[in-house]
Amino acid sequence: MSRLLDNLRSNESAPRLEPSSATAALCVLASGSRGNCSVLVIPSTKDTPRRVYLIDAGLSPRRTAKLLDERGIRPDEVDAIIYTHLDTDHCYVGSGAGWVKAIRPGYFRAKLLIHRGHMGRAERMGLLSVHTEPLDDACELASNVNLYTEVLSHDSLGVACFRFVIDNESGTKAHLGYATDCGRVTPRLIEHMRGVDTLAIESNYCPQMQQSSDRPMFLKKRIMGGSGHLSNQLSANAVASMRVREHLILLHLSQQCNTPELAATQHDHSGLTRTISTQHEATPWIPINTASQSVDIVFPRMKTKQGSLFVGGKK
Ligand SMILES: [Zn+2]
């Protein structure tokens with residue numbers, strides 16, 4: 001842990017993640033309407049190798065590879081790309097095949113994990129021509145990493161919100177929540193995220209800036225109508241209800257209708273350590289620590305042992 005922090009201090013612009021760090025860590029490479037991508041690294045244990053997951057891939061493969069390389073991660077180390085949904089700011093298509101072409105020997109070899117409800121769209125986008133697996137309500141990503149999914153309405157197909165539960169070597173568990181493009185906060189989402197150690201959540205817009213912007217009315221309605229994005233206030237209310245324990249990461253700030261200062265002000269009372277992601281600059285590595293009180297967390301859907309790769313979901 002201290003090695004990780006030393007590492008962060010030594011090179012703030014593109015910190016390499018110390019391979020021997022014992023703590024899982026998240027870096028938001030970019031977040032906003034021009035592309036979203038985060039990287040989650042689970043350290044190796046005596047039984048398992050280091051794991052690398054991308055959450056969304058809304059940047060071009062080339063840019064993603066460059067940002068990963070600057071952080072000491074090779075493209076072929078990425079085990080899986082886990083998609084919240086397939087809008088182009090979360091699933092880059094560019095002018096050609098985007099990520100489909102990038103999944104090839106010697107470059108990215110990741111499998112794509114796409115929620116079952118998005119598989120039809122994935123097929124239309126040609127994503128099924130590479131190794132794609134459907135994501136259900138619960139799945140075992142690795143023997144020490146479980147992923148639980150809650151789907152919320154976002155546009156027509158919805159968005160997958162994630163809770164990662166990571167087994168530490170010490171026997172404790174670290175919980176990371178990840179929710180973007182949620183549109184609204186439901187009681188189920190609050191339950192899904194309750195008590196996570198670290199939460200990454202969108203804080204998309206300031207309602208006054210949204211209302212007074214020159215955006216067309218249909219767009220304002222789409223964003224604010226409950227199936228688009230969360231305002232700073234809705235996001236801050238959600239964080240309070242979820243009883244997040246340690247670290248808050250704000251995602252997907254609108255460049256036109258929000259500022260980091262406004263978002264920060266709304267979230268000020270949380271008392272959590274806070275990181276605000278941006279479109280153009282990656283965050284530092286954020287260690288997914290287990291907060292001291294976390295031992296008592298009982299997440300209802302958490303299972304102690306799962307035998308197969310994908311559990312809990314049925315067609
Ligand atoms: Zn988005």
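Two strands count as paired here if DSSP finds at least two bridges between them. I started from that rule and looked up S1 and S2, which pair in the antiparallel sense over five bridges. One of the residue pairs I noted is Ala-30 with Cys-37, the latter being the bridge partner in S2. The model I am reading is a predicted one.

**Entry: helix H2**

I listed the buried residues of H2 (residues 61-70) and found Pro-61, Thr-64, Ala-65, Leu-67 and Leu-68. Seen down the helix axis, these buried residues fall within an arc of 165°, so they line one face of H2. The face turned away from that buried side carries the exposed residues Arg-62 and Lys-66. I next looked up what covers the buried residues of H2. The cover includes strands S1 (25-30), S2 (37-42), S3 (51-55) and S4 (78-82), and helix H3 (99-102).

I checked both sides of the helix along the chain. Ser-60 is found in the loop between S3 and H2. With a relative accessibility of 19%, and the limit for buried being under 20%, Ser-60 counts as buried. Leaving aside neighbours within four places in sequence, I find Ser-60 in contact with Tyr-92 and Trp-99. Just after H2, Gly-72 takes a positive phi of about 80°.

**Entry: cysteines**

I searched for disulfides, and the structure holds zero of them. Cys-206 is in no disulfide, and its nearest cysteine sulfur, that of Cys-257, is 8.2 Å away. Cys-206 has 10% relative accessibility and counts as buried.

How far is the sulfur of Cys-182 from the closest cysteine sulfur? The distance is 4.5 Å, to the sulfur of Cys-161, which is too far for a bond. The cut-off I applied is 2.5 Å between the sulfur atoms. Cys-182 also counts as buried, at 0% relative accessibility.

**Entry: Lys-221**

I placed Lys-221 in helix H7 (residues 217-224). Is Lys-221 buried or exposed? Its relative accessible area is 59%, so Lys-221 is exposed. I also took the C-alpha separation between Lys-221 and Gln-211, which are ten residues apart along the chain, and got 9.6 Å.

**Entry: whole chain**

The chain has nine helices and 15 strands. Of its 315 residues, buried ones make up 57%. I computed an accessible surface of about 13,600 Å² for the chain, and 51% of that surface belongs to carbon and sulfur atoms. For contacts between residues at least 6 apart in sequence, I noted that 68% join residues at least 24 apart.

Note on methods:
Residues are numbered from 1 along each chain as its sequence is written. This is a predicted model: local features need pLDDT of at least 70, side-chain atom pairs count only at pLDDT 80 or more; totals for chains, interfaces and linings use all residues. Side-chain values use heavy atoms; hydrogens and water are left out. Helices (H or I, at least four residues) and strands (E, at least two) are DSSP runs, numbered from the N terminus. Buried means under 20% relative accessible area, exposed over 50%, partly exposed in between (1.4 Å probe, protein chains only). Contact means heavy atoms within 4.5 Å. Accessible areas come from the Shrake-Rupley method with a 1.4 Å probe; for residues, only the protein chains shown count as cover. The arc is that of the directions from the helix axis to the C-beta atoms.
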